[in-house]
Amino acid sequence: MNCGIKCLRLILVVFNIIFFLAGAAILGVGIYIRVDPNFSQILKASGLESITSLVFPVAYVLIAFGAFTFLVGFCGCCGAIRQSKCLIGVYIIAVMLVIIAEIAGGVLVVVRKDLVFDEVGSLAVDSLKDNYGKDGKNASTAAWNVLMGEFQCCGFNSTDNFIGSPYQNSTGRKVPYACCKTTNNELSDADKRTCISEANATITTPKVLNNIGCKQALENFVNNNSTLLMGIGIGIAAFELLVVLSALCFCCNIDKDD
């Protein structure tokens, strides 16, 4: 093999060692979630019991994806080291299947975006109404505070998502202070009073209250950054295609002399 093919071989070995280790890590996490009886209890203690029904399906997805990644990395790495056309061929087919699956998944998400948001929204609203501000659910409350602060939103669909929540029942306020706009990450007492009064009065253009739901804020984020997200997706696909072409080139030159 000439110097160029040797370089391709080295690149394939290094890349697939990383792929192999990543697959092993994902597989390990999936197995841990599936076999650890305390994992669901941890979610419940964190105020996330609304998603415990998804634990086993997520674990199985992680196990399947991790095992697949593990085997693909193994085939690519061993195929390059042993100069096996059979293993490299399997590796090329597997990577092509990944590319096809990514394209199909991207199209599905775009086409069924509303359904995805509806399913996530149902779980999110249940989490707010059942756990926000509840004793022993500090992790869930803190997570929502971070989300609402970062995206300047309130509730998932609207400020009404807090109606009947433990927070409203214990404080009498319609929305938490996390829904209020801050100045240098600080909220004055006057702004707190203004924010709560704006929530109670349902003002359409409030000065202090963030009155859009996090669903709308997330959709705005995706729409505003669609070019960047598309660029990242295209970059990943291009890299994967480059890997396939490198593997093909290496495979075709295995038996050639220097």
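**Close-up views of the cysteines and a salt bridge**

C153 is buried, with a relative accessible area of 0%; buried means under 20%, exposed over 50% and partly exposed in between (1.4 Å probe, protein chains only). The model is predicted, so local features need pLDDT of at least 70 and side-chain atom pairs pLDDT 80 or more, while totals for chains, interfaces and linings use all residues. Residues are numbered from 1 along each chain as its sequence is written, and side-chain values use heavy atoms, without hydrogens and water.

**View 1. A disulfide joins C153 to C214.** The S to S distance is 2.0 Å, where a disulfide is a pair of cysteine sulfur atoms within 2.5 Å. This pair spans 61 residues, from the loop between α6 and α7 to helix α9; helices are DSSP runs (H or I, at least four residues), numbered from the N terminus. C214 is buried too, at 1%.

**View 2. C154 and C179 form a disulfide.** Their sulfur atoms sit 2.1 Å apart. The torsion about the S-S bond is about 80°, so this link is right-handed.

**View 3. C180 is joined to C195 by a disulfide.** Here the torsion is about -90°, so the link is left-handed. C180 lies in the loop between α7 and α8, and C195 in helix α8.

**View 4. D160 and K174 meet in a salt bridge.** The N to O distance is 3.5 Å, and the rule asks for a side-chain nitrogen of Lys or Arg within 4 Å of a carboxyl oxygen of Asp or Glu. D160 is partly exposed at 38%, whereas K174 is buried at 13%.

Methods: Helices (H or I, at least four residues) and strands (E, at least two) are DSSP runs, numbered from the N terminus.
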